[in-house]
Amino acid sequence: MKRRDFIQYAGLGTGALMVPSLLMGNNIPVEALLNPGMDVITKKLLADVALNTAKSAGATYADARIGRYLNQYVFTREDKVQNVVNTESFGIGVRVIANGTWGFASTNNVTEDGIKKATMQAVAIAKANSKIQKEPVKLAPVPSYGEVSWKTPIKKDFKTVPVSEKVDLLLTANAAAMENGANFVNSALFMVNEQKYFASTEGSYIDQDIHRIWPTFGVTAIDRSAGKFKSRQAMSAPMGMGYEYMDGLDSEKIAGPAGLNLYRNSYDMVEDATLAAKQAKEKLTAKSVDAGKYDLVLEPNHLGLTIHESVGHPLELDRVLGYEANYAGTSFATIDKWKTKSFKYGSDIVNLVADKTEVGSLGAVGYDDEGVKTKKWDLVRNGILTNYQAIRDQVHMIDQNESHGCCYAQSWNDVQFQRMPNVSLEAGKEKYSINDMIKDVEKGIYIAGRGSYSIDQQRYNFQFGGTVYYEIKNGEIVGMLDDVAYQSNTKEFWNSCVKICDKDDYRIFGSFFDGKGQPPQISAVSHGSSTSRFNDVNVINTGRTI
Amino acid sequence: MAIYTKEEARQIMEKALSFSTADACEVNLSGSESGNIRYARNTVSTSGHRSNQTLVVQSNFGKKSGTATIDEFDDISLKKVVERAEELANLSPENPEFMDILGPQSYDDAVTFSEATSKISPDYRAEVAASSINPAVSKDVTAAGFFNDSSGFTAMMNSKGLFAYNKSTSSNFTVTMRSNDGTGSGWVTRDYNDISKFDAVEASNVAIDKAIMSRKAKAIEPGKYTVILEPAASIGLLQNMFRSFNARTADEGRSFMSKEGGGTKLGEKIVDERINIWSDPLHPEVPASTWNGQGQPIKKMNWVENGVVKNLSYGRYWAKEKGVDPVPFPSNAIMGGGDASLEDLIKSTRKGILVTRLWYIRGVDPQTLLYTGLTRDGTFYIENGKIKHPVKNFRFNESPIIMLNNLETLGKQVRINGNLIPYMKVRDFTFTSLSDAV
């Protein structure tokens, strides 16, 4: 942690939500969110200024991204509104190849003059860096798509929903938690709209309108006399959806074990906050787990992060090749293992897919940030490592000639690079419910929701926790557990996967703030799965006495 | 030009305040120029330059406040941003915890600016990369590193007459060296306000030596070990501990600092009596800002004295609720050390583990401040006062409170991430599993 993080934490309590400052633009009045912004004809004219300037300055390739990023965040605690934030960021980023080398520059001066200047700067950087470049950039071919557009299929635009309605919803959820035994509750609603225009010298002009939403909370219950406190996090997921995610439709609810309410494509925040308060209180007196080997039954809102850390990250090609060695790390899933075509990443029933098209997911877009139409592809099929995640300038390194379409930049003023697509575990093919799964377990633990997570820099050894834990004995849930964390090794863990519930149990989890690169950039990504069983996993007891 | 002098900053802020019609108005002005270079696989991958300037305006009507920002400072823009802040204030709900802006304060002059750092050129950055890459190539290792430098100012002014200004520079360097046989990895970090203290060749060689020394590590059983923690290894756990030095969460009963039955651990001994932790923005090795974004002066402050909690931070609202003076969170942390060098600490160890760095540290239980994470980039077994061989990396599950209670020896202090932290020898550090990661 850097010194500035000390300052950020000043005055913030447990459960306080951190907003990375990178996400912020300039503060604007709420009505300004509805301003349509620059029209697409003007965007095309301005993008062409960048492309033509680059070409006449000697660039062999150029792309321009005109981006308008609108964010609205609402923060509350108990019966108070802490903050309502509306921000806008607008500008253009120009990337070029000159002398076989990348160059990038950006400006918030989106005029002919401003764009020419930024483009010339990008070309100058490329030419300067070409002196130390060892191998010229090699781009995989991409079709020319002409003028196309894509929109997140939303039903309700968050920008048209009054702030008061959002505040009311959060305060109602907080009140429900307080009435049901919570001592503290912090809740927040993050809403994002990326309006991105992409043009490149390959002949594509792509206009996209992307929406994301994330409601979340943390509920804390306290026993002052025992000096104990316990928290339960929301069972929501960040989604690539509009405000309709907040409707709390019964048809999207799944009745989980132990009275848990689980949510698919619609979230009932008040219902979840009510149960969260009861469960936080129950955690205060829950049985402390006996360390040892258990069969784990992992719920998708929990398993999503395990997939993210142990499958998503190790299969990023730039990590595998060493480009991230000084920050995020490298990977155990080396090229030589992949080339054998027989590396057993998981058991035969494990199929892990990368997908930039799944409806409702955070990673879903029509085209990536270098103008490649998105798709779905296998990473692990029948347990065997089959592919990586790679973009236009990388795929030739794994003897492929088509980009996977997973290039992304967090903003117009950051350069795009390879980012994790949605990575999901396919549902089991046979009819099999969560109740069927629990019935089959003799000694196990059911883990739901997101908790503590940590994994090494090559993605072998990990330790994860959830937000609630239930003991399973002889096919039945017998009570709540506490102080649970499991430790395993990626390959061992995925090879211990013996059962996966069917598609009726499938739902997606996600992260708004996946970080990578230096300087760091964030990216939003989803991970779908059905409840899955992993046999004989090492569980430790995390309780300590001080 | 994003860096304004004190007078230029004063004029811009006075102009902005002149447009205010709110009950109170406060403006924060900042600007910076920063540059970076990134390299991997023994070649430069990216380099960049960024220039930022921002004016943040906060306007208040009673307990309603609005904030607006702008990056252009002509009269029309300044008027527009003040109007926008007032518009937002009028629309916003009342904040029951709103605190009125402060009046004039007196601040110490910060010593955070270095002329040399402010003049770093792209050539200098390329030279830093070369200082890693060239020796790496000759020693059969691969370098991946990042160097960033920044020069800037922050200033604030409000309608009650408060004025503050500070100029600062910073630089950060990290490099990972991996042996080309894939079995060894070394790492180093350096950060300075004054770049003339930085020696990229010396730093890079530390990482190269560790990469070579850590090749072909042997597995030893996880368990409780005496460890020598380099400051880069302990800093993560210590900073997580410092975060709990917050009076409000302690009073609310949801922090390690909360006491059983009510109240807080202020005044209680929580760690070994040789532990002293304080903050001091004027310390010449780790200079920091002498005021914070709310205009509160930051002075030298004791946090842990002889193992006893001496202060918790109080925000202005919570201080008022509790009838005490506000205690701003510090801008740096200094932990008292001893005379022992790293070599001395190794020499005096019969059996133990030397840890270069702890990584991916995450909270496991906020009640006991239990954290998990892994060793990385150079972990070595010590026997009878000598490094015997590299060992495979471990996962740990440990609380900084237990760590500081199990203190054996404090060594020399080293600057790390703007803080001053000593080498430490600690007994019974808990490693819970092995990792194959290099």
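This report describes a helix pair, a chain interface and a domain contact in a predicted model.

## Two helices in chain A

Helix α2 of chain A spans residues 40-56, and helix α3 of chain A spans residues 112-129. Their axes are 9 Å apart, and the two helices pack at an angle of about 35 degrees. The crossing of α2(A) and α3(A) is right-handed.

On the α2(A) side, the contact is made by L46(A), V49(A), A50(A), T53(A) and A54(A). On the α3(A) side, the residues are E112(A), I115(A), K116(A), T119(A), M120(A) and V123(A). By class, the residues of this contact are 7 nonpolar, 2 polar and 2 charged.

## Where chain B touches chain A

The contact between the chains involves 77 residues of chain B and 51 residues of chain A. On the chain B side, strand β13 of chain B (residues 358-365) provides the largest share, with 6 residues. The side of chain B that touches chain A has 39 polar, 22 nonpolar and 16 charged residues.

## Two domains in chain B

Chain B is divided into domain 1, covering 6-211, and domain 2, covering 217-438. The C-alpha centres of these domains of chain B lie 26 Å apart. Their contact takes 27 residues from domain 1 of chain B and 25 residues from domain 2 of chain B.

On the side of domain 1 of chain B that touches domain 2 of chain B, the elements giving two or more residues are β4 (141-158), β5 (163-179) and β6 (185-192) of chain B. Among these, β6(B) gives the most, with 5 residues. This side of domain 1 of chain B has 14 polar, 9 nonpolar and 4 charged residues.

Terms used: Residues are numbered from 1 along each chain as its sequence is written. Chains are lettered from A and ligands numbered from 1 in the order in which they are written. This is a predicted model: local features need pLDDT of at least 70, side-chain atom pairs count only at pLDDT 80 or more; totals for chains, interfaces and linings use all residues. Axes are lines fitted to C-alpha atoms, for helices over the stretch in contact, and angles run from 0 to 180 degrees between N-to-C directions. Helices (H or I, at least four residues) and strands (E, at least two) are DSSP runs, numbered from the N terminus. A crossing is left-handed if the near helix is turned anticlockwise from the far one by less than a right angle, and right-handed if clockwise. Two residues are in contact if their C-beta atoms, placed from the backbone, lie within 7 Å. Ala, Val, Leu, Ile, Met, Phe, Trp, Tyr, Cys and Pro count as nonpolar, Asp, Glu, Lys and Arg as charged, and the others, Gly among them, as polar. Domain bounds come from an automatic or database domain assignment.
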